[in-house]
Amino acid sequence: IRDLVRSRGLGDVYKRQGINAEYGGYEDWQTNVGDDAIPIWFKFWHLNLTNPDEVVAGIEKPSFEEIGPWCYKELRSKINITWADNGNQVTYWTYKYFLYDPSCTAEGLSENDPIVTTNLVYMTFLNNLANPDKDGIDTYYHLWLNELLWNTIAYVFNEPLFVTVTARDLIYGYEDPLFAFLHDNVDESIPADIYIQLNLTNEQETYQKTKFTTQETGKDDIKNIANYLYWNGETQLNCWKTPEANAIYGGDGNYWPPKIKKQDTLIAFVDTAYRRAKFTYMGDSSYESIDCLRYGLDPTELLNVTNYPDNDQWYAYGYNGLINITRCALGCPTYLSKANFLDCDQAVLDAVEGLVPVRSAHDTYADIEPRTGLTMNIYKRLQINTKIRPVFMTYENITYPSIYMPITWIEESGYITHDLAVEFRHTVYTVEDSAEVMGWLGAVLAVLFGVMALGLSIAVLFARRRLAKESREREGLIENVDTSHM
């Protein structure tokens, strides 16, 4: 009885969890636009360089002031949705945009606040010219002629090593003079602006600037829910060392297979990092009175090849704590890390000033309800960094051979609402409680029936003994009567 109740009740939960237009959970998957939708918050903290002239002169190491957060509501809608393989696959485009929310932005901040940061366009062209292989390895070809050529181009188009842009433009894009020239005169596919996060303005722009995604729905096998089949219109990337590393697979981090155990390793495709990653158990947690397992990025994902040889496929030849996405970022020397260089080698922190990593504020984690695999609460934190070095005839006085320069760190967070949590507890916990009650009831009934059976057996035994005794007594009496007559 207990197993029957559990399979029926949680089976309905699994169906609601799956990507299926016939169940209520579909609307939450399709969009978070609306008053009752699950909110997603997008916040960023800029690392403002306070001493650019001293860094160029080589008399000080870079010093940063962390400013933020600026807060936005992240709104997503999946559009042009089509189904395939009898409902086991779904294809869509994602229309994603951001609305500024001053109420959760730090007091005194404005979207127009100036931020001094490293010029990513400068670093992109320098790296492509001075390091033709664009492999992101920490040793560079010092091709002085190419550097001299780039210096000339940079002078003509006013591309210095450091630039000042507004807080909003640093994230959502600003027009760069060199990119604009190439866009207008060489190739229109080259973007005229440079951005960290694409902020779409309408559905038509979604089709122009993004490509489709295909995922498994989990209809026939819930263990496959939300696994990527296509991302950005591709099944394979072309920026990692091996075909396996370039393969696109894993979940999206919002849905996980049900019946998760602490020893399980979860695989997700992290689009920001252009690769899959492992997530492992960190500890128990609770959100809205729902018991969860807290999962975070597996520590091996941030180790270099010296400490974890398998990361050779990801070009992890530098310091621990850095994810090298240079080949995925048009050759711009780009490195992802946890916020404030959390879990990086000390040498990375020692090369700059102003960053203080705190695990509770800077780590990434997800609170997952283990029976259903649903994510109840998630904080995804990621810092974007580039690397500067001495440049022939221009920036020769930079003291360090290479310095990892933080640009900004971003926090995406989402959580189920209180009303949804109440509904979830009623749906899942009631089923579990009913199963427990039925289990105990079954056990009590089994004991009662056992006692009754035992009592009946004892009663029958005593009755048989009594009848046997009475029978023997009657036989004895008859024998006595017969003897007296003789």
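Biologist: Let's take the link of Cys71 and Cys104: is it left-handed or right-handed about the S-S bond?

Modeller: It's left-handed, with -75° about the S-S bond linking Cys71 and Cys104. Before we go on, keep in mind that this is a predicted model. Now find the two ends. Cys71 is in strand S2, residues 64-84, while Cys104 is in the loop between strand S3 (89-100) and strand S4 (114-118), so the bond ties together parts that are 33 residues apart in sequence. Cys71 counts as buried because its relative accessibility is 0%, and the cut-off for buried is under 20%. Cys104 has a relative accessible area of 23%, so that end is partly exposed.

While you're at strand S2, look for Pro69, which has its place in that strand. The peptide bond leading from Gly68 to Pro69 is cis, with omega near 5°. Then move on to the loop between S2 and S3, where you'll find Asp85. Asp85 isn't a glycine, yet it has a positive phi of about 55°. With 47% relative accessibility, Asp85 counts as partly exposed.

If you number the bonded cysteines of the protein in sequence order, the pairing reads 1-2, 3-4. The other bond joins Cys239 and Cys328, with their sulfur atoms 2.2 Å apart. Here the torsion about the S-S bond is about 75°, so the disulfide of Cys239 and Cys328 is right-handed. Cys239 lies in the loop between strand S9 (228-230) and helix H9 (243-246), and Cys328 in the loop between strand S13 (323-324) and S14, so this pair ties together parts that are 89 residues apart in sequence. Both Cys239 and Cys328 are buried.

Stay in the loop between S13 and S14 for a moment, because Leu330 is there too, and it is exposed, with a relative accessible area of 66%. Leu330 also has a positive phi, near 55°, in a residue other than glycine.

Next, follow Cys328 to one of its neighbours. Trp240 touches Cys328, and its other contacts beyond four places in sequence include Ala245, Tyr274, Arg275, Trp314 and Ile325. Trp240 belongs to the largest nonpolar core, which has 70 residues, and it is among the members that touch the most others, along with Phe42, Phe44, Tyr122, Phe341 and Ile388. Strand S17, residues 403-415, gives this core its largest share, six residues. There's also a second, separate core of 19 residues, and Ile222, Tyr255, Cys292 and Ile416 are among its members. Cys292 is buried, with a relative accessible area of 4%.

Now for strand S14, residues 334-337, where you'll find Ser337. Why does Ser337 count as buried? Because its relative accessibility is 4%, and the cut-off for buried is under 20%. Ser337 touches Gly321, Leu322, Cys344, Leu382, Gln383 and Asn385, leaving aside residues up to four places away in sequence. Take Leu382 from that list: Ser337 and Leu382 are 45 residues apart in sequence, but 6.0 Å apart in space, C-alpha to C-alpha. As for Cys344, it counts as buried at 12% relative accessibility.

One last stop is helix H7, residues 177-185. Within H7, Leu178, Phe179, Ala180 and Leu182 are buried. At the start of H7, a side-chain oxygen of Asp176 reaches to within 3.0 Å of the backbone nitrogen of Leu178.

To come back to your question, the link of Cys71 and Cys104 is left-handed, whereas the one joining Cys239 and Cys328 is right-handed.

Definitions and conventions. Residues are numbered from 1 along each chain as its sequence is written. This is a predicted model: local features need pLDDT of at least 70, side-chain atom pairs count only at pLDDT 80 or more; totals for chains, interfaces and linings use all residues. Side-chain values use heavy atoms; hydrogens and water are left out. A nonpolar core is a set of buried Ala, Val, Leu, Ile, Met, Phe, Trp, Tyr and Cys residues joined through side-chain atoms within 4.5 Å. Buried means under 20% relative accessible area, exposed over 50%, partly exposed in between (1.4 Å probe, protein chains only). Helices (H or I, at least four residues) and strands (E, at least two) are DSSP runs, numbered from the N terminus. Contact means heavy atoms within 4.5 Å. A polar contact is a pair of N or O atoms within 3.5 Å; within protein, one must be able to donate a hydrogen and the other to accept it, and residues adjacent in sequence count only if both atoms are side-chain atoms. A disulfide is a pair of cysteine sulfur atoms within 2.5 Å.
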